[in-house]
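Please look through the sequence and the fold shown here before reading on.

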Amino acid sequence: MNLSYEEATELSVIVPVLNEEENLQALFQCLSAQRSVRLELVLSDGGSSDGTVARGRELERRAPFPCRIITGTRGRAAQQNRGVAHACATLLLFLHVDSSFDDPLAFRKALDSIAAAAAARGDDRVAGHFPLRFDFSGDPPLPYRYYQRKARLHRPGCTHGDQGFLMSRRFFQEIGPFDESLPLMEDTFLAEKIRQRGAWLLFPSPITTSPRRFQREGLLPRQTLNAVLMNLAALQRLGLLTDVRSTYKSHDSAGRLALEGFLIPLRRTIARLPLRERMTFWYESGSYVRRNAWQVPFFMDVMVGGKEKEGATEGKFLQRYDRYLERLTDNVAGRVAATVLVWGWFRMVTLRLRLKSTPCSPERSA
């Protein structure tokens, strides 16, 4: 009996794109190299102004797998949601365009792993991601080794879209769709919903991704903004960042990230809150930071561990922190101390940004 197109397709690979003409060939080559899997590619374009769509149609004609190219409004969350609507497989893989795999059986192993995990659980409330590697010619710098190791953990805030998300369509419909209210970090928010309602699985084959966004924007400002956004998301206060949509730039137009465009308006918004609400905000922020203080000893593990070992996750510093310091600080005194540190850090950073962004008068510059 001949299977229909929908029945024959095991996996729909959904890739949001915006002005990615130069990266499409590498994506098609990567997917063409995958073996023992019947896949389709859904390219979800967000209104590219270059030749992305035309290049995609050219590559589609030569690809050994079916490809659908859809267009619509810009926004990674909206583009991925549209991709789901046009995908035909029961399993969905959300992938970044600059991701690649050295293992030609990466998808096959992932599909087998998620099937086994679902069978063991007795339901399909499981999603998987791949061990992360950054695309450097040699050993990556220390901060990138830290993020690679961190991506192997299944603690809150460690799972992001550059690791690839694989799950059933039914589970996605239960926890999704991607939140379209903000133009960034929609993948992180979905990852936390998966953690709350199901389980995460780490696949055996690594995924390689480009560090281009970090390199263009600057690693420190990008991670500073990510930390602020994660804090606001945990507090359900993302609405305080009223200007993020107009300030945030897509990768193709991004340069050095200007934190003042995000943090100075945020400081003004917080200052306008009633006193009791403002104090609650800072206390909750301090509590959030205290819960994530484990990242400091984890960074020490990565720093003293030398070259990353396959499968390495938690080291002795993190284990000791979990055993001793976590318990010592999990109280009102620990949360108040963290609150004071966070409040002082935020004031210091925003003051420096204000001074940096304020032009000097002729008298002062003389």
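What follows is a conversation about aromatic rings, salt bridges and surface patches.

Student: How should I read the numbering and the values?
Tutor: Residues are numbered from 1 along each chain as its sequence is written. This is a predicted model, in which local features need pLDDT of at least 70 and side-chain atom pairs count only at pLDDT 80 or more, while totals for chains, interfaces and linings use all residues, and side-chain values use heavy atoms, with hydrogens and water left out.

Student: How many aromatic pairs does a search of the whole structure find?
Tutor: Rings of Phe, Tyr and Trp (its six-membered ring) pair if their centres lie within 6.5 Å, and planes under 30 degrees apart count as stacked, over 60 as edge-to-face and the rest as tilted. Searching the whole structure in this way gives a number of aromatic pairs, namely 19.

Student: Is F172 buried or exposed?
Tutor: Buried means under 20% relative accessible area, exposed over 50%, and partly exposed in between (1.4 Å probe, protein chains only). F172 has a relative accessible area of 4%, so F172 is buried.

Student: What is the relative accessibility of F178, which forms an aromatic pair with F172?
Tutor: F172 and F178 form a tilted pair, 5.6 Å centre to centre with 50 degrees between the planes. F178 counts as buried because its relative accessibility is 2%.

Student: Which residue forms a salt bridge with D322?
Tutor: A salt bridge is a side-chain nitrogen of Lys or Arg within 4 Å of a carboxyl oxygen of Asp or Glu. D322 lies in helix 15 (residues 316-329), and its partner, 167 residues apart from it, lies in the loop between helix 6 (142-150) and strand 7 (165-168). The closest N and O atoms are 2.5 Å apart, and the partner is R155.

Student: Is R155 buried or exposed?
Tutor: D322 counts as partly exposed, at 26% relative accessibility. R155, by contrast, has a relative accessible area of 17%, so R155 is buried.

Student: Which helix holds both E174 and R170?
Tutor: The side chains of E174 and R170 meet in a salt bridge of 2.8 Å, N to O. The two residues are four residues apart, about one turn of the helix, and both lie in helix 7.

Student: How many residues apart in sequence are R290 and E326?
Tutor: Their side chains meet in a salt bridge, 3.3 Å from N to O. R290 lies in helix 13 and E326 in helix 15, so the pair ties together parts whose separation in sequence is 36 residues.

Student: Which residues are linked with E10 in a network of salt bridges?
Tutor: Some salt bridges join into a network, and the residues linked there with E10 are R38, R108 and D112.
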